[in-house]
Amino acid sequence: MAAAALLVAAGSGERLGASRPKAFVVLAGRPMIEWSLDAVRAAGITRVVVALPSGFEAPDGCIGVRGGATRSESVRLALREAGGAEAVVVHDAARPLVSPEVFTSTLAALGHADGAVAAAPMADTVKEAGPDHRVVGTLDRSRLWAIQTPQAFRRDVLERALDVDDAALAAATDDAALVERAGGEVVVVPSSPANFKVTTPHDLQVAELLLRSTRTSG
């Protein structure tokens, strides 16, 4: 299937304490978004649509759209510019350590599912607690996955899933949840815990060290 990539880059970076939108913070000598873009292109995806904050332009070779009020709204707006792609793969620009192989493996999984999400098996013990912080149960971590991006979908499935009201879009923590809600079948594709989302200053420091180390060893 012909595929397009949708890069979500409209986040403010408020929790990062940055003076500019997160995707454009300089990381290991480059704007953060460029690391993800390298992986997309290395995976052979040539049509890339970027959901942008106001006042910023898309990197060379990409199609830029103004981001929405919520993450899923940004995806919906970007999806309109996916051209003739039969499949789309959505990725957070704030996951700069993603590998090209994760893009290709999630897209390949669409051969037997409506959606495929990169995910890392849970390593920590996970407990459920009530409002008073008292533990009410310990979950079976062998069945739990920490969900990441990229997330690949059949285009028509994602379009239907995003055709909901603004409240439903705002409540969704990822696009796969909307596809699941619409009755779509979603599978997990094993990924590395290194594909984490840069959210805090500590995350930024770790990503900087890892990217500089990779660049030096390469």
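**Close-up 1. The aromatic pair of Phe24 and Phe56**. One aromatic pair is counted in this predicted model. Rings of Phe, Tyr and Trp (its six-membered ring) pair if their centres lie within 6.5 Å; planes under 30 degrees apart are stacked, over 60 edge-to-face, and the rest tilted. Phe24 and Phe56 form a tilted pair, 4.7 Å centre to centre, with 35° between the planes. Phe24 sits in the loop between S1 and S2, and Phe56 in the loop between S4 and strand S5 (63–66), so the pair ties together parts that are 32 residues apart in sequence. Helices (H or I, at least four residues) and strands (E, at least two) are DSSP runs, numbered from the N terminus. Phe24 is buried, with a relative accessible area of 9%. Phe56 is partly exposed, at 28%. Buried means under 20% relative accessible area, exposed over 50%, and partly exposed in between (1.4 Å probe, protein chains only).

Residues are numbered from 1 along each chain as its sequence is written. Local features need pLDDT of at least 70, side-chain atom pairs count only at pLDDT 80 or more, totals for chains, interfaces and linings use all residues, and side-chain values use heavy atoms, with hydrogens and water left out.

**Close-up 2. The largest nonpolar core**. A nonpolar core is a set of buried Ala, Val, Leu, Ile, Met, Phe, Trp, Tyr and Cys residues joined through side-chain atoms within 4.5 Å. The largest one has 30 residues. Ile33, Ile45, Val48, Val50 and Phe103 have the most contacts inside it. Elements that each supply at least two residues of this core include strand S1 (3–8), helix H1 (32–42), strand S4 (47–52) and helix H3 (100–108). H1 gives the largest share, four residues. Another core, of 24 residues, lies apart from this one; among its members are Ala51, Leu79, Phe153 and Ala161. In soluble globular proteins, nonpolar side chains tend to be buried together.

**Close-up 3. The surroundings of Ile45**. Contact means heavy atoms within 4.5 Å. Neighbours within four places in sequence are left aside. Ile45 then touches Ala3, Ala4, Ala5, Val40, Val89, Phe103 and Leu107.

**Close-up 4. Pro121 in strand S7**. Pro121 is partly exposed, with a relative accessible area of 48%. Beyond its neighbours within four places in sequence, Pro121 is in contact with Leu144, Trp145 and Ser191. Pro121 and Met32 are 89 residues apart in sequence and 25 Å apart in space, C-alpha to C-alpha.

Close-up 5. Ile147 counts as partly exposed, at 38% relative accessibility.

Close-up 6. Ala28 is buried, at 0% relative accessibility. His133 is exposed, at 69% relative accessibility.

**Close-up 7. Gly84 in a loop**. The loop runs between helix H2 (71–79) and S6. Gly84 is exposed, at 71% relative accessibility. Gly84 and Ala168 are 84 residues apart in sequence and 27 Å apart in space, C-alpha to C-alpha.
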